[in-house]
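Try each task yourself before reading on.

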Amino acid sequence: MIADLATQLTWDRLIALAEEQAQALLRSAFSTTVREAGDLSAGIFDPRGRMLAQAVTGTPGHVNSMAESIRHFIAAHPIEAMRAGDHYISNDPWLTSGHLHDITVVTPAFHQGRCVALFACACHQVDIGGLGQGPDGRSIFEEGIRLPILRLARDGAFDPTLLAILRANVRRPFEVEGDIRSYCAANAASARALAAMLAQQGMADLEALGEEILTRSHRATLAAIAALPRGSWSSRLRLDGVAGRAIELACRVSIVADEVLVDFAGTSAAVPRGVNVVLPYTRAYAAFGVKTVVAPDVPNNAGSLAPIRVEAPAGSVLNAQDPAPVAARHVVGQFLPDAVFACLAQAMPQRVPAAGSSVLWTVQLRGGPEVVDAEGHQGRTSFETVFFNSGGTGARPGMDGLDGTAFPAGVKAVPIEVVEANAPIIVWRKELRPGSGGLGEFRGGHGQVVEVAALATDEPIAVLAMFERCDNPADGAAGGQAGAAGAVRLSSGATLAGKGLQTVPAGQRLVLELPGGGGWGNPAARQAGGAEADDGLD
Amino acid sequence: MSLSIGIDIGGTFTDFALEWQRGETLLRHTLKLPTTPHAPEQAVLDGLPQLLGGVGALPRDVTRLVHGTTLATNALIERRGARTAFLTTDGFRDVLATGNESRAAQYELFYRKPAPLVPRRWRLPVGGRIGAAGQELAPLDEAAITRHAAEMAAGGIESIAVGYLHAYAAPAQERRTRDLLGALLPGVPVSLSSEVSPEIREYERFCTTVANAYVQPIVSAYLKRLEAGLRAQGFTVAMLLMLSSGGLATVETTMRFPVRLLESGPAGGAVFAARIARDAALPCALAFDMGGTTAKLCLLEDGVPRTDRVFEVDRSYRFAKGSGMPVRVPVVELVEIGAGGGSIARVDATGRLAVGPKSAGSEPGPACFGLGGNAPTVSDANLVLGRLAAAGFAGGRMMLDAGAAEAALLSLAPERAAEDLAIAVTEVVEAGMAAAARVHAAERGAGLEDRVLVAFGGGAPLHALRLARRLGVARVIIPQGAGVGSAFGFLWANPSYEAVRGYPGSVAALDMAALEAAFLALTAEAKRVVTPALPAAAPLQIRRSAQLRYRGQGQEVTVPLPVVAPGAAMLEAAFLDAYSAQYGAPIPGVAVDLVAIAVTVSGLPEASRPPPSATSVDTLPGTTTRSLRDPDDHAPIACRVLRRDALMPDAVASGPLLVVEDATTTVIPAGCTLHVDPRGHLVIDLPAALPGMLAA
């Protein structure tokens with residue numbers, strides 16, 4: 001049924017508001033993760049904590065986790081006690097988006113003296129103290145400073161105590177504080193714009209509009225589900241894991257009456273290293289995987305997400321319990337769409353891609369006196385830097401996979417010139433890796449080769465490795481072959497572990513070979529034109 | 001005697017605009033011919049004699065000839081450029097292909113990335129490395145260049161781009177490469193990233209350089225043919241080209257940097273609107289151009305279009321940001337959205353009406369064209385509402401089919417009345433444009449309410465008044481000559497060139513003498529480009545700017561600077577002013593970094609002209625009426641229809657009104673008042689208070 005015009009126009013305006021909020025963040029943020037890579041999410045919530053609209057920028061792990069987190073903020077600080085000019089903050093992994101590095105800021109929007117909506121954003125910090133963003137932590141306490149849900153500002157004035165404690169606990173205090181102020185400014189600007197919109201239209205609040213948005217989105221998702229085959233399919237996905245222990249993800253997708261149920265029963269137990277995933281983040285990426293296949297065009301909000309139910313046993317690596325370490329949770333979480341696809345492919349082979357490299361190869365580097373190599377060389381200038389790299393995506397039925405492209409994450413690569421301008425390192429190589437895409441009628445996307453070293457040849461650097469698919473390459477689908485596995489080594493040839501803090505000795509380069517995506521269909525069926533598409537990479 | 005001609009070659013039409021100051025009288029004349037895509041100069045060379053003949057002038061009477069064309073843009077979009085090779089830093093040959101490694105559509109599993117202009121086979125690695133501070137970390141591998149030269153010769157390479165990492169900070173290796181190639185492959189043009197786009201961020205710089213090399217042979221050959229044709233017809237004036245920045249340059253400069261020509265048409269439109277705004281002494285305005293496929297909006301401050309440093313060509317996924325090819329050169333800052341007369345309406349899965357970006361184009365076109373299209377479009381909605389008349393479209397050359405338009409609209413929701421659906425379609429498309437304007441203004445820290453909307457192009461006058469209401473704008477101007485706005489804009493633009501250079505460093509630690517020397521070098525470079533485009537000894541305007549930011553912050557702020565030797569305190573103060581204006585409060589305790597510096601040299605803008613003396617009147621205003629359905633009214637109203645060419649200066653009328661001319665129709669709702677100013681522009685004021693308007 002076609003929506004009435006007023007609903008439609010205000011709905012569009014609400015989505016535009018979330019987009020404005022995200023654009024403001026991109027322009028004024030300090031961290032390279034936010035400003036160059038777009039590792040952020042922004043959304044608008046009703047006073048009951050239901051997500052009404054989100055910006056298309058950013059990464060699904062954030063935005064769908066954020067969708068769950070707002071009700072925790074409201075529980076801690078009831079709406080009635082909120083005032084205009086307030087801002088609330090948290091980075092608690094179990095309450096927000098799964099690791100301490102993501103800071104969520106929530107700002108109430110007022111109209112006619114009443115709180116009518118909440119604006120929230122979540123952004124990735126380069127550093128949050130502790131061991132740093134790597135999988136080495138044995139518990140959350142080693143991973144950095146943890147902020148429960150706190151009031152960051154009242155009546156527009158920031159809490160100086162909170163900011164002082166935060167600054168004292170992170171490696172890049174100006175960046176962290178500058179970012180937080182940017183988040184608040186972006187939220188506040190959108191809150192003002194919302195109030196102006198309501199005033200102009202003579203609307204008291206978003207109550208009726210919110211119901212309409214959620215109902216329509218819910219119905220649209222149900223209609224999409226109704227068109228799917230019924231049944232239940234399962235998959236097992238094996239990951240390299242950490243500290244010599246592989247991790248198995250067991251997934252069962254059931255399409256029943258009016259919902260898609262994703263159940264991870266049988267998945268490995270949580271591990272004593274920081275790759276564990278909190279349930280909201282598991283839900284976020286599993287639901288994202290379902291949504292891309294089932295209803296990609298329905299706007300992402302509480303209504304469209306409701307018919308997708310995700311469960312994982314408590315204590316498993318996909319539902320880790322406090323105080324499990326979680327800093328590098330994306331190295332497991334970003335595989336969940338692959339796990340879901342492997343199930344759905346059994347029901348709808350023509351709508352689902354083969355497995356891809358999937359996890360971002362986040363190169364987190366550290367330099368300075370903290371870093372000493374076996375020869376006794378010590379770093380001089382302290383720095384902490386990060387840049388993102390992507391392997392190949394899985395081949396699609398009818399299309400090759402994408403070379404060096406992020407999926408499912410939505411972040412962008414930081415330009416190498418910016419990486420080198422911000423930290424004393426040199427990236428000597430970053431190019432596609434020929435032959436790494438899995439063969440098939442449609443070929444998997446190619447991975448990349450990345451070589452990086454300290455600018456000073458007499459200084460070591462440390463890498464906080466969190467790489468995957470070194471032992472378990474991306475499977476092909478429908479007769480396609482697996483993509484090439486990843487590799488982590490030094491320029492001397494010595495192999496490094498895929499995970500954990502390790503030293504790159506002075507004068508050496510860190511060499512990363514990123515995995516390729518799986519192929520789709522029988523390689524013998526590849527059309528002659530495919531060779532052209534290979535463009536010298538086969 | 002001073003006779004000027006502007007020529008704008010678009011995808012469909014080649015537009016001509018002529019201005020002739022004869023004593024006290026300013027004569028204006030326009031011409032529209034179909035574009036001749038196989039040899040674009042043909043339409044130009046056919047049209048000029050007609051244009052001059054129409055006013056009884058000769059080619060040698062022309063003292064100014066300004067040209068802009070979509071040739072370079074089309075070559076990029078249709079992949080019809082030269083066989084191009086790209087020499088780049090060893091280890092980075094795939095930057096062009098991987099870009100920023102992201103997908104412009106988060107939920108799209110079947111996303112397709114546009115193929116790079118240069119295939120991997122011709123992305124040739126060269127050893128050598130510059131660091132972020134401009135220091136040489138590894139020497140240039142000259143032997144590799146020699147080897148590649150042999151391959152390129154054998155492979156029939158027609159144009160070469162060179163892009164090395166950090167070349168914006170240290171161009172020596174790129175220059176050396178050009179010298180070597182000049183000896184090895186004489187006659188093959190070479191584009192250097194340190195000249196085409198000397199700014200940090202390798203993907204954007206490399207794309208821009210490769211695009212420059214890719215279109216260079218095609219653009220050079222075309223300009224040479226056109227110049228020869230002009231000389232043969234007896235033209236003596238040196239032709240100037242409209243650049244994306246809204247400035248003019250010589251043929252020689254354009255042949256070196258053809259990538260700066262990409263947005264010449266839209267830039268002409270912005271200059272056109274800016275001139276209207278200056279003449280009317282408007283401090284700030286919003287230009288609104290709407291055609292068949294897209295709408296463009298541009299903010300004008302003090303009669304000058306805002307400019308930006310980067311834009312995207314050929315957005316391949318639903319016009320989505322990030323799905324096109326980035327080009328980093330000075331450009332008039334436009335928001336372009338997929339909303340035009342041909343934009344197709346559909347109902348999405350949630351029951352929302354979506355309009356565009358898919359367009360019916362001109363073939364098959366909107367359903368009402370009767371050319372086989374049956375998808376409901378914006379033009380169909382305008383016809384059903386009575387904004388367009390079935391007879392009289394395109395100057396009476398085309399009869400529109402109202403029945404087909406209604407049937408197409410009813411396909412959206414058969415249970416609704418066609419008129420209601422037409423209202424929904426126009427409201428949604430106008431709301432989309434309003435949202436785009438608002439997001440854009442918000443990004444720039446600019447307001448919209450105090451602006452005057454200057455609307456031109458075939459579609460804009462149909463929607464301008466409704467759009468103005470949504471934006472809270474009180475006045476709309478529909479200029480004279482709006483149908484060929486860009487071509488007039490060419491006439492009114494100024495020779496201008498921006499030279500830029502990456503200049504990384506902490507403001508507090510800069511060597512100010514070296515910085516001043518760098519500014520002077522850029523000034524000299526820009527002067528060399530601009531002076532040949534100006535009369536001898538013409539006065540020059542020199543403007544300096546710097547891109548500054550807080551250390552660690554992502555986005556640079558372009559800050560205008562006085563033309564004096566710079567100092568740290570001056571740079572910081574200028575930055576803090578600009579930062580506060582754009583983002584609110586400054587951030588205490590953070591150092592300020594310089595990223596790049598730029599110098600723009602231009603001719604002095606012409607003083608605002610007095611209004612022309614009144615022209616003669618051929619007919620009395622028409623007294624016909626048409627039935628018009630206004631979205632705010634429940635029933636159709638009988639609306640007076642006036643012919644634009646019959647409206648005399650100082651004529652006054654009240655809405656509801658339709659003012660028709662060959663190229664467009666201006667819809668003036670009830671409550672609005674029309675005044676024709678001495679220049680023949682339609683100036684329309686909206687009533688102060690408008691209840692019940694949806695601010696979407």
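The radius of gyration used here is taken over C-alpha atoms, and the globule rule is 2.2 Å times the number of residues to the power 0.38. Keep in mind that this is a predicted model.

**Exercise 1. Work out whether the radius of gyration of chain A agrees with that of a compact globule.**

Step 1: Chain A has 538 residues, and for that number the rule gives a radius near 24 Å.
Step 2: The value for chain A is 23 Å, so the two agree.
Step 3: Look inside. Of the 538 residues in chain A, 66% are buried. Among its contacts between residues at least 6 apart in sequence, 77% join residues at least 24 apart. The secondary structure of chain A has 12 helices and 19 strands.

**Exercise 2. Do the radius check for chain B.**

Step 1: With 696 residues, a compact globule would come out near 26 Å.
Step 2: Chain B has 26 Å, which agrees.
Step 3: Its C-alpha box is roughly 80 × 65 × 55 Å along the principal axes.
Step 4: In chain B, 53% of the 696 residues count as buried, and the chain holds 16 helices and 35 strands. Of its contacts with a separation of 6 or more, 68% are between residues 24 or more positions apart.

**Exercise 3. Find how the two domains of chain A meet.**

Step 1: Domain 1 of chain A covers 5-218 and domain 2 covers 353-538.
Step 2: Their C-alpha centres lie 31 Å apart.
Step 3: Domain 1 of chain A puts 18 residues into the contact, and domain 2 of chain A puts in 21.
Step 4: Sort the domain 1 side by type: 4 nonpolar, 8 polar and 6 charged.

**Exercise 4. Describe the side of chain A that touches chain B.**

Step 1: Count residues: 74 come from chain A and 59 from chain B.
Step 2: Elements of chain A giving two or more residues to this side include helix H5 (173-201), helix H6 (207-226) and strand S14 (425-432).
Step 3: Which element gives the most? That is H1(A), with 15 residues.
Step 4: By type, this side of chain A has 39 nonpolar, 14 polar and 21 charged residues.

**Exercise 5. Locate the residues of the largest nonpolar core that touch the most other members.**

Step 1: The core has 386 residues, and the ones to look for are A:Leu25, B:Ala273 and B:Val454.
Step 2: Helix H7 (residues 202-233) of chain B supplies the largest share of this core, 13 residues.
Step 3: Zoom in on B:Ala273. Skipping neighbours within four places in sequence, its contacts are B:Ala285, B:Ala287, B:Cys298, B:Leu300, B:Val454 and B:Phe456.

**Exercise 6. Is helix H14 of chain B enclosed or open?**

Step 1: A residue is buried if 20 or more other C-beta atoms lie within 10 Å of its own.
Step 2: The residues of H14(B) that pass are B:Gly485, B:Ser486, B:Ala487, B:Phe488, B:Gly489, B:Phe490, B:Leu491 and B:Trp492.
Step 3: That is 8 of the 8 residues, so the helix is largely enclosed by the rest of the structure.

**Exercise 7. Trace the hairpin made by S21(B) and S22(B).**

Step 1: Strand S21 (residues 343-347) of chain B runs antiparallel to strand S22 (residues 353-359) of chain B, with 4 bridges joining them.
Step 2: B:Val347 stands opposite B:Leu353.
Step 3: Between the strands sit 5 residues, and B:Gly351 in the turn has a positive phi of about 85°.

Conventions: Residues numbered from 1 in each chain as written. Chains lettered and ligands numbered in written order. Predicted model: local features only at pLDDT ≥ 70, side-chain atom pairs only at ≥ 80, totals over all residues. Contact = placed C-beta atoms within 7 Å. Nonpolar A, V, L, I, M, F, W, Y, C, P; charged D, E, K, R; others polar. Buried ≥ 20, exposed ≤ 12 C-beta atoms within 10 Å, placed from the backbone. Core = buried A, V, L, I, M, F, W, Y, C linked by C-beta atoms within 7 Å. Domains from an automatic or database assignment. Pairing = 2+ DSSP bridges.
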